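Please look at the sequence and the structure first.

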Amino acid sequence: MKSLSKASKQLIQLHVNGETHDAVVRSADTLLIALREQLGLTGAKRACENGDCGACTVLVNGKSSHSCLSLAVEVVNQPITTIEGLLDSPVSKAFVDNWAIQCGYCTPGFIVNCHSLITTHPNADDQLVEEWLQSNICRCTGYEEIREAVHTLLASGQKENE
């Protein structure tokens with residue numbers, strides 16, 4: 001990290017979706033702000049900004065993380081995956097095939113979280129799926145279709161990383 005001014009801005013490198021990007025951030029900038037305003041990756045949504053809704057979910061080191069709660073400077077040199085990195089993934093296709101998309105605002109966060117669920121627990125049971133889905137909120141109440149998308153993918157045995 002390189003300090004750019006007395007205003008505590010720093011030049012950092014973020015490894016997002018397999019590419020390394022330079023970003024100039026304040027020490028208080030969240031990962032969500034850096035992704036959206038510095039890198040132009042707007043898939044992670046700005047919503048509650050306190051970790052309740054999951055619209056900003058990304059993967060850091062392969063684990064679901066609310067980017068509104070992480071500082072950008074905390075994730076330097078860690079692999080980050082956003083919804084833009086999962087556009088052609090099996091879970092994205094399952095969401096489309098099962099109409100698990102309502103207004104679409106929460107969809108990126110759900111897809112990223114479900115990708116992490118299926119990658120981490122390829123044999124997840126109903127209870128585990130329910131627990132994981134509780135970390136995201138859909139204001140349009142499209143939970144049944146989202147649940148069906150996850151179960152369709154789990155039943156197919158399709159690995160997310162294939």
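Asp97 and Lys93 form a salt bridge, with 2.7 Å between the closest N and O atoms; the term stands for a side-chain nitrogen of Lys or Arg within 4 Å of a carboxyl oxygen of Asp or Glu. The two residues are four apart in helix H2 (residues 90-97), so about one helical turn separates them. Helices here are DSSP runs of H or I with at least four residues, numbered from the N terminus. Asp97 is partly exposed at 46% relative accessibility, and Lys93 is exposed at 52%. Buried means under 20% relative accessible area, exposed over 50%, and partly exposed in between, with a 1.4 Å probe and protein chains only.

The model is predicted: local features need pLDDT of at least 70, side-chain atom pairs count only at pLDDT 80 or more, and totals for chains, interfaces and linings use all residues. Residues are numbered from 1 along each chain as its sequence is written, and side-chain values use heavy atoms, with hydrogens and water left out.

## Other salt bridges

Over the whole structure, the search finds six salt bridges. One of them joins the side chains of Asp29 and Arg26, at 3.0 Å from N to O. Asp29 is buried, at 10% relative accessibility, while Arg26 is partly exposed, at 40%.

Arg46 and Glu37 also meet through their side chains in a salt bridge, at 3.6 Å from N to O. Arg46 has a relative accessible area of 38% and is partly exposed; Glu37 is exposed, at 54%. Both belong to a network of salt bridges that links Glu37, Arg46 and Glu49.

## Nonpolar cores

In soluble globular proteins, nonpolar side chains tend to be buried together. In this model the largest nonpolar core has 25 residues, and Val91, Phe95, Phe110, Leu117, Val129 and Val150 have the most contacts inside it. Such a core is a set of buried Ala, Val, Leu, Ile, Met, Phe, Trp, Tyr and Cys residues joined through side-chain atoms within 4.5 Å. At least two residues of this core come from each of H2, H3 (107-120), H4 (126-133) and H5 (143-156). H3 supplies the largest share, six residues. Another core, of 20 residues, lies apart from this one and includes Leu14, Leu41, Ala72 and Val75.

Leaving out residues up to four places away in sequence, Leu117 touches Pro122, Ala124, Leu128, Val129, Trp132 and Val150. Contact means heavy atoms within 4.5 Å.

## Ser116 in helix H3

Ser116 lies in helix H3 and is buried, with a relative accessible area of 1%. Beyond residues up to four places away in sequence, Ser116 touches Leu59, Gly62, Lys63, Ser64 and Trp132.

## The aromatic pair

The structure holds one aromatic pair. The ring centres of Phe110 and Tyr143 are 6.2 Å apart and the planes stand at 75 degrees, so the pair is edge-to-face. Rings of Phe, Tyr and Trp (its six-membered ring) pair if their centres lie within 6.5 Å; planes under 30 degrees apart count as stacked, over 60 as edge-to-face and the rest as tilted.

Phe110 is in helix H3 and Tyr143 in helix H5, so the pair ties together parts that are 33 residues apart in sequence. Phe110 is buried, at 0% relative accessibility, whereas Tyr143 is partly exposed, at 26%.
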